[in-house]
Amino acid sequence: MNKTVLIVLSLLIMASRAAADLLDDLKARQSKITSVSATFTQEKKTRLLSKPLKASGHFLFRQPDRIRWEYTGGTNMQVIFNGKDLWLWYPDLKEADRLSGLSQYGSMMRFDVHSLSKDYIITAKKVRSMTLLTLLPKAKSPISRIEMELAGGSPFPRLVRLLDRNGEPTIILFRDIMLNPDIPDSSFTFRPAKDVVIREGSLP
């Protein structure tokens, strides 16, 4: 084996170890997160529309698996996940969808690298002060690729880019990120009024 090959192999091993160290460090820092509060903007690009679909709102997370996405403005919708069922509530329409069988998607909705590593192959690299993650599913999935940007040593991403099976991206940008705030149980509880039409559904 010549010196050039040895050098290339050494560089590849060093890069692999550096990526593993980055992921281990991120997992350790994320393990200290008990809750998250942030505002967000979301942009969905699709070939069916000439302009992207844009929305904004407030994101809440509390360990172990409580999640809330509250969309405001033109899109009035609330997404509430209690670890078992996912509620999609449309207040203006007085309608709600309850989806079961989504427990495996909880890690994707809260961006937990340790849990995501069970279903995704994750690579990491450092670019200046930014940590960049690429996640590829190990099995067939509605999401073909996830990219995350974490800035300034933060354990929570400032930007998430998801590609669906058609290669159409959804980009989520987080701002005003607060780690470990006190969030009440009521934020993750949905009790529909009697006049709300409920549709039942599930995912495989």
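**Entry 1. Salt bridges**

The term requires a side-chain nitrogen of Lys or Arg within 4 Å of a carboxyl oxygen of Asp or Glu. Asp164 belongs to strand β10 (residues 159–164) and Lys44 to strand β1 (residues 35–44), so the bridge links distant parts of the chain, 120 residues apart. Asp164 is buried, at a relative accessible area of 17%. I note the cut-offs here: buried is under 20% relative accessible area, exposed is over 50%, and partly exposed is in between, with a 1.4 Å probe and protein chains only.

The model is a predicted one, in which local features need pLDDT of at least 70 and side-chain atom pairs count only at pLDDT 80 or more, while totals for chains, interfaces and linings use all residues. Residues are numbered from 1 along each chain as its sequence is written, and side-chain values use heavy atoms, with hydrogens and water left out.

I then turned to Arg47 and Glu168, whose side chains meet in a salt bridge of 3.3 Å, N to O. Arg47 sits in the loop between β1 and β2, and Glu168 in the loop between β10 and β11 (169–179); the two are 121 residues apart. Arg47 counts as exposed at 64% relative accessibility, whereas Glu168 counts as buried at 10%.

A further bridge joins the side chains of Arg98 and Glu200 at 2.6 Å, N to O. Arg98 is in strand β6 and Glu200 in strand β12 (residues 197–202), so this pair ties together parts 102 residues apart in sequence. Arg98 is partly exposed, with a relative accessible area of 29%, and Glu200 is exposed at 56%.

I also found Glu95, Asp97 and Arg199 linked in a network of salt bridges. My search of the whole structure returned 14 salt bridges.

**Entry 2. Nonpolar cores**

In soluble globular proteins, nonpolar side chains tend to be buried together. I therefore searched for nonpolar cores, meaning sets of buried Ala, Val, Leu, Ile, Met, Phe, Trp, Tyr and Cys residues joined through side-chain atoms within 4.5 Å. The largest core has 36 residues, and Phe59, Trp69, Leu133, Met148 and Phe174 touch the most other members. Strand β9 (residues 143–151) supplies the largest share of this core, with four residues. A second, separate core has five residues, among them Ile80, Trp87, Phe190 and Val196.

I listed the contacts of Met148, taking contact as heavy atoms within 4.5 Å. With neighbours within four places in sequence set aside, its partners are Phe111, Leu116, Thr131, Leu132, Leu133, Leu135, Pro157, Leu159 and Val160.

**Entry 3. Cavity**

I asked how many cavities of 30 Å³ or more the structure holds. There is one. A cavity here is a set of points, on a 1 Å grid over the protein atoms alone, where a 1.4 Å probe fits but cannot get out; lining residues have an atom within 4 Å of a point. Grid points are joined across faces, edges and corners, and the volume is the space filled by probe spheres set on the points.

The largest cavity contains about 90 Å³ of space. Its lining consists of Gln30, Ile33, Val36, Phe61, Gln63, Arg110, Phe111, Asp112 and Phe156. I sorted these into five nonpolar, two polar and two charged residues. In that sorting, Ala, Val, Leu, Ile, Met, Phe, Trp, Tyr, Cys and Pro are nonpolar, Asp, Glu, Lys and Arg are charged, and the others, Gly among them, are polar.

**Entry 4. Backbone features**

I found a cis peptide bond between Gln63 and Pro64, with omega about 0°. Pro64 is placed in the loop between β2 (53–62) and β3 (66–72).

I noted a positive phi, near 55°, at Lys94, a residue other than glycine. Lys94 is in the loop between β5 (86–90) and β6 (95–100) and is partly exposed, with a relative accessible area of 44%.

Arg128, also not a glycine, has a positive phi near 55°. Arg128 lies in the loop between β7 (120–127) and β8 (130–137) and is exposed at 79% relative accessible area.

**Entry 5. Whole chain**

I recorded three helices and twelve strands in the chain. Of its 204 residues, 38% are buried. Among contacts with a separation of 6 or more, 44% are between residues 24 or more positions apart.

Note on methods. On a 1 Å grid over the protein atoms alone, a cavity is a set of points where a 1.4 Å probe fits but cannot get out, and a pocket is an open set with protein on both sides within 12 Å along at least five of seven lines; lining residues have an atom within 4 Å of a point.
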